[in-house]
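Hi,

Here is the structure I promised to pass on to you. Have a look at it first, and then read my notes below.

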Amino acid sequence: MPTKSGRTIAATKEKSLKSVFLRWEFLLILLFLIVNIMNASISKNYLNATNLFTAISTFLVKGFIAFPMAYILVLGDIDLSVGSTVALSATLLGVSYNAGLPMGAAVGIALLCGTLCGFLNGIILTKFTELAAMIVTLGTMTLYRGIAEMILGSQSTGGLQNVTWFYDLYYARLGTVPYIFIVFCVLAVAFGFILHKTTFGRYIYAIGNNRLAARYAGVPVQRVRLICFTLVGLICGISSIYYASWMGTVRYDIATGYELEAISMVVLGGISTAGGKGNFPGTVISIFTIGLLKYGLGLINVNSQTILMIIGAILIIVVTIPNLRFRKHTEKHALASSGTAQ
Amino acid sequence: MQIKTKNLLKKLRSSRELSLLLVLVFLCLLIQLRNSSFLTPKTIGDMLKNYSTTITLSLGMMSVLLIGGIDISVASSLAFSGMCASLMMRDNVYSSTLVMFLVSIGIGFCCGMLVGLVVTKGKVLPIIATLGFMNIFRGATYIVSGSRWVSAYQFQSAFKQFAQSKTLTFGLINNLVFITLVCYAVFFVIMKWTRFGRRIYAIGSNPEAAAVSGINISRIQFLVYSIAGAFAGLTGAMYTALYASAQSDMGMGMEMDVIAACVIGGVSLSGGQGSVTGVFLGALTMAVIGKALPLIGVSQFWQTAIKGAIILAAIIINVLTQRAMVKNALKERDI
């Protein structure tokens, strides 16, 4: 009797979940089209391929971070230190280049720094499992930004675009398609493949759904978390290299608010902040939706603070709506099943 | 005699407030050795006055942390409420300092209610909701002010005098410090001896048990976020009074100081643990560190990093002591 009722509940739940996600994806694509139509009607030059790729490149720099952030949110964790990690990596890149190191070595240092920052987050979180990811990364967010401030003070470090190949990282194009776009697509496919088609990806979902159950099922929970947090650091390192190539100068206060945008992109893509739910293609669509929305708002001269406000509002609305809808389902289930569940 | 010292040691180990007080005294003496101008009434008074905002705001954050939530939007709602109240004072809607404070508290309370509504009715994780509101309130501050300051000459002179004078206590202590102390006294009583305070602790330590015992969790949560907002509003008014100007970027990053003060004071981030005394000592420690670093010649560019390191160290030490306490408790039960 209990197995039977358990099975039926599970079946109906999966069905309703599936339909919600179908609707969500549909909604997302609709939103994406609306944004594009809006932008195209604002400016006649919007649909020109060269212009469009110029616009896209600017938000791909932070779009990268949304990939591993999706993993982290599916795990049921959060990483608020990404902006600071980018700033610290870019700072080290600039400082080591201006100290006379070859650019290749400076890029290596940036990657290493990002990875180490992520690894430190991961090691603290896995050694002290009582701690929530939120507070640890809130602490390292301050720490990493502080170290960047310690190194640079109020100064900036520049001249990075004097190296041709480094300048080309961001600006070079294959025909009209920038290389950064190609790198982005390759990484997107790789991250999507790992999340949906490999054991590691299934581990991530298992941990996000129920950490304890995953542990009892033999999933190396802490190792998976450590790898995911280190991955965030590595991608932040890559993002910092593109940032430096794009801007040419680095200050300690760059990349503030990247955590908000990366999390918004992932959440708008339909990944639940409570963990274990959502899929990767949604994230990729929402990276473009948010990026192009910001570009369009810039076209009609909305200032950056207002844009940030709109992103914040989108984040909250997007997270609230499915919860309001889900609640009806769960309430129904609670009524249907025994009273102790409530 | 031996038993007495043993008891004292045990008390010291189990009472977080006492050990924190010792650390604080030790810290003060250390700084005093490096710079003898630290332990003077003037420096201490200045320090308390300048950090009265952070110390007061810590109370709001503490109540949110106690129910297992977090609110990183407090600094933005501080700026928004402070800015709105200042703009109205500039435009001569009112001229009284008291009204200005009340308006600011009211606006902050509304901001907090909004956060509470989204967290309780929308069932959004507090960190996500407040991350969004952090940007919404900050953006709103820039919009209402048109990115301009409200400068000192646009305020009433009575308001500008308020932060520097001791009128409320008839010349005993600074007005802002007095407000802070009153807030702490009231909160101490509420947390310790009222039904509301005990319910907050109950929800934080075990939400399910609290719900079963008939506590309306979402109502308490809603109230707590609103109170945190009201504290942000009060602090916004104090902040503008202290600096006699309102800027759109005021209080930026203050949420970190406040969280740090709570964490150092022994508030557990999973909720249910922490005391008003602890938070006071934690906030005082943050103030001492902030004031002393320039005094002993540490560059201001180092302060952020040091703050971050302190937060991390404090939360890790919290976990370690907690583990030791659990271990000790198990040991005692064995015997």
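Predicted model: local features only at pLDDT ≥ 70, side-chain atom pairs only at ≥ 80, totals over all residues.

T142(A) sits in helix α5 of chain A. Is T142(A) buried or exposed? It counts as buried, because 27 other C-beta atoms lie within 10 Å of its own, where 20 or more are needed.

The contact between the chains takes 36 residues from chain A and 35 residues from chain B. On the side of chain A that touches chain B, the elements giving two or more residues are α5 (133–152), α11 (258–268) and α13 (304–336). The largest share comes from α13(A), with 14 residues. By residue type, that side of chain A divides into 21 nonpolar, eleven polar and four charged.

Next, a helix pair within chain A. Two packed helices are described by the angle between their axes and the distance between the axes. For helix α8 (residues 199–209) and helix α10 (residues 221–247) of chain A, the axes come within 10 Å and cross at roughly 110 degrees. That makes α8(A) roughly perpendicular to α10(A), and the crossing is left-handed. If you want to find the spot on screen, look for Y203(A), I204(A) and I207(A) in α8(A), which meet V221(A), V224(A) and C228(A) in α10(A). The residues of this contact are six nonpolar, no polar and no charged.

Finally, chain B as a whole. It has 15 helices and zero strands. Its C-alpha atoms fill a box of roughly 70 × 55 × 40 Å, taken along the principal axes. How does the radius of gyration of chain B, 21 Å, sit with that of a compact globule? It agrees, because a compact globule with 335 residues would have a radius of gyration near 20 Å. Of those 335 residues, 48% count as buried. Among contacts in chain B with a separation of 6 or more, 77% come from residues 24 or more positions apart.

Happy to go through any of this with you.

Best wishes

Note on methods: Residues numbered from 1 in each chain as written. Chains lettered and ligands numbered in written order. Helix = DSSP H or I, 4+ residues; strand = E, 2+ residues; numbered from the N terminus. Rg over C-alpha atoms; globule rule 2.2 N^0.38 Å. Buried ≥ 20, exposed ≤ 12 C-beta atoms within 10 Å, placed from the backbone. Contact = placed C-beta atoms within 7 Å. Axes fitted to C-alpha atoms, helices over the stretch in contact; angles between N-to-C directions. Parallel < 35°, antiparallel > 145°, perpendicular 65-115°, else oblique. Left-handed = near helix turned anticlockwise from the far one by under 90°. Nonpolar A, V, L, I, M, F, W, Y, C, P; charged D, E, K, R; others polar.
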